[in-house]
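Please walk through this model with the coordinates open.

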There are 2 protein chains.
Amino acid sequence: MAKKSAPTARPAPTRFELITLGDELLLGRTPNGHLTFLGEQLARRGVALAANLVLPDDAATIAAEVARSWKRSAVVITTGGLGPTCDDCTRDAVAEVLGQRLVFDKKIEKAIASRFAKLGRPMTDNNRKQAWRPEGAEVLPNPFGTAPGLWIEQDGKLLVMLPGPPNELEPMWNNEVLPRLARRKLVGRSEAFVQLRTAGVGESALETRLQPLLAKYPGVEVAYCAHAWAVDVRLGWGSGRIAEAQVKQLVAECTALLGDDIFTIGNDSLAETVADLLRHDERTLAVAESGSGGQLASVFTDLPGASKFFQGGVVCYRNSGKVIMLDIPECLLSQHGAVSAETAAAMATGVCENFVADYGLSITCCAGPGACCEGKAAGTIFVGLHAPEGVWCKRLEYPGSGSAVRARAIVVALDWLRRELLRAHRAKPVVPAKQAKAAKSAKLAK
Amino acid sequence: MAKKSAPTARPAPTRFELITLGDELLLGRTPNGHLTFLGEQLARRGVALAANLVLPDDAATIAAEVARSWKRSAVVITTGGLGPTCDDCTRDAVAEVLGQRLVFDKKIEKAIASRFAKLGRPMTDNNRKQAWRPEGAEVLPNPFGTAPGLWIEQDGKLLVMLPGPPNELEPMWNNEVLPRLARRKLVGRSEAFVQLRTAGVGESALETRLQPLLAKYPGVEVAYCAHAWAVDVRLGWGSGRIAEAQVKQLVAECTALLGDDIFTIGNDSLAETVADLLRHDERTLAVAESGSGGQLASVFTDLPGASKFFQGGVVCYRNSGKVIMLDIPECLLSQHGAVSAETAAAMATGVCENFVADYGLSITCCAGPGACCEGKAAGTIFVGLHAPEGVWCKRLEYPGSGSAVRARAIVVALDWLRRELLRAHRAKPVVPAKQAKAAKSAKLAK
């Protein structure tokens, strides 16, 4: 690997391989979430995984493949195979490959014993097996399980063994592994890119708009990642062919150019952004859905502390529900149909008024074959928005599978509400009650 | 591989490897769904994948690893890397490994051209690249995309190349690949196991109950797979150490022993089972949720044709919503709290009556830190069921993350409704209107 004079202190590219162990992965019972998690974590710090190998719980296979990966890589990460049952054999396989003896670690045993004592359960001999480690291994504590992680440096290379359960692996990665990798300059000290998250603009339209700016900054790494009607743009300096400060300047120019089409710089979701705007201005929301069937409500109730702004939602699948729960006149439904602009507007108004919220958001759509569409094409979506200033609706067509139509409808609805909240905020800035109170107290104190 | 005298005509175990290609997998942007899909598909037919290798879009790496897999396996399956862009280089790599020339296939070109014509878009030279294939390859048609699959037999081995998009790969697997594999006896002609899906019984309790039966059938392959409060048991004959007929006899004994604890034999979900019961007896359902925030409604609205039985749902996150939308008396909420047996029952009744449904199902729970729990421990769940015969509620405690609590609450609610529907069906069999009409017509015709 040729080293160029890098304007920043990024680490030289280093070969990382990931070995994920477990029969359940190969039998298709569990998705390989470790690849998704660790792949993204490394990418954020400027490292692209060179390969991922998924292997069964078989000692000979594991030993052979770890040996091969160890030979050609600078860093090998293994996940799983550290548990107490007899099919967990990674520890032995790795010790063999590295030519290290296994030693019994009293400290690990003590940590496992105290965990069992806390849970009020007896410790078995199986669990004691987890206290063996290769003699050169450093122990990574596991506050959420019995199997510790292991960190082994040898011959200028690194082998990291992580436990299989995601709720044990992920905190260990964040608290133990990532800081150590950064200290050894194997990954960047911070993210090697800035992520602009946009909504409401197609991928190719976005590329066209950004192209003149990007052309002014040769060396910047550009990656687009399109979701349903939302596109992320990552602008990176991981290659070392451009300075971080220059990319930050480019980000400022992109931000000025795209304006409200960017909903966040960073990792927040569209729903989190909308929630922040609602909370900031102390506004509340209620939602009504038919075709999206509860998924619009879920995006908010999945957020911690949603009860601060989310009043609730109604899923009305049949016209009778729309009439009773949302006070939609029957004649409106029979004249215009359940999937119509008129119904979307009436749903938004009904749910907003019935839940006594500031904003009402509605989706009614033909999500695909099998859905009742009253002659409308599958993929027809109507979104309704009831705001303090009035009620509007939007129509869009999106041919695709039922789940793709629903995902698209939700992004369009969230993005519309976001833009309306921004507009309202700028038109008449709300002073939240607490801030107003604090300002008043401060005045009085003077 | 030693062949024993197998009582059934199962194929001898054969080494299958899967190579999934794509930078987006290694960067953690896309989960490796092909492993989950193909791993499960093969497992159902008695084959356990020996390994899965995830590689970047790099010709040299692909060629080296395909060569290695080809050397040691009987069947190699590749996914991705067949697209028109320049980073798709699998076709060339594979031809090189097999020592085959690439030939231009006029038939493939014609199929691609007619696809573009249908879409009304011009065909580019890039797309024409997809018409090249190794000379010995058989073409697997792709009705959902431009890249055809390729089926290559050489030296008594098999290499199958599949396109990356799941909506292209999955139909091609089902319609082209699986039947061919079965004809060549590389996989079983049908599933090599029977799956019993249970709910309401813990995994270890289930094992204890089944153990005496299983002991009578040595050679049966038993696999448990636990989800939230639902456990699947697979009883298999893939090893050839027991005859299929014997396993079917065991299944009959297990079914008799477990009774209603089994919700289905096969692959249907709990929600599908409940939906079938509702549709069969022409009953309707409405749901009310607080902590589960729309997810209970989603499990039904995700099913095709849900409007036949699903009236709708209310997500009420604040007490005001419960009062207004579900007619719950304010004094009940202030006396017992939002997370209480009384509120769960009132929610089920309110939503059932307001939506004019036969059954009302409710969940109110403390889904975890950040949720408002009025002094109740996180993980406290109340489920309410309003049926024509009365209204009841259930309390359960499940310490876990917010999403685990929600998943558990939904399974408990669905399973309770399922058992009540079975009970009602047996107590007073409903003759659906259409059947009654048909019976009457038949009588009249006599």
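The paragraphs below go from confidence to symmetry to strands.

This is a predicted model, where local features need pLDDT of at least 70, side-chain atom pairs count only at pLDDT 80 or more, and totals for chains, interfaces and linings use all residues. Residues are numbered from 1 along each chain as its sequence is written, while chains are lettered from A and ligands numbered from 1 in the order in which they are written.

The model scores ipTM 0.74 and pTM 0.78. pLDDT is the predictor's confidence in each residue, from 0 to 100. Chain A averages 87, and 90% of its residues score at least 70. Residues 1–12 of chain A stay under 50 in pLDDT. For that stretch the model has 21 contacts beyond four places in sequence; a contact means that the C-beta atoms of two residues, placed from the backbone, lie within 7 Å.

Chain A has three parts: domain 1 (16–183), domain 2 (193–265) and domain 3 (270–427). These bounds come from an automatic or database domain assignment. Taken over C-alpha atoms, the centres of domain 1 of chain A and domain 3 of chain A are 45 Å apart.

How is chain A laid on chain B? A turn of 180 degrees and a shift of 0.0 Å along the axis do it, with an RMSD of 0.0 Å. That is the relation of a two-fold axis. The superposition is by least squares on the C-alpha atoms of residues with pLDDT of at least 70 in both copies. The same surface serves both copies: 98% of the contact residues of chain A recur in chain B.

Now the strands. Helices (H or I, at least four residues) and strands (E, at least two) are DSSP runs, numbered from the N terminus. Two strands pair if DSSP finds at least two bridges between them. An open sheet of 10 strands, with mixed pairing, runs E17(A)-E16(A)-E15(A)-E13(A)-E14(A)-E14(B)-E13(B)-E15(B)-E16(B)-E17(B). E17 (390–397) of chain A and E17 (390–397) of chain B stand at the edges, each with a single partner strand, so one side of each has no neighbour in the sheet.

E14 (residues 310–316) of chain A and E14 (residues 310–316) of chain B run antiparallel, joined by five bridges. Here Gly312(A) stands opposite Cys316(B).

Chain B also holds a hairpin of E7(B) and E8(B). E7 (residues 149–154) and E8 (residues 157–162) pair in the antiparallel sense over five bridges. Ile152(B) stands opposite Leu159(B). Two residues lie between the strands, and Asp155(B) takes a positive phi near 55 degrees.
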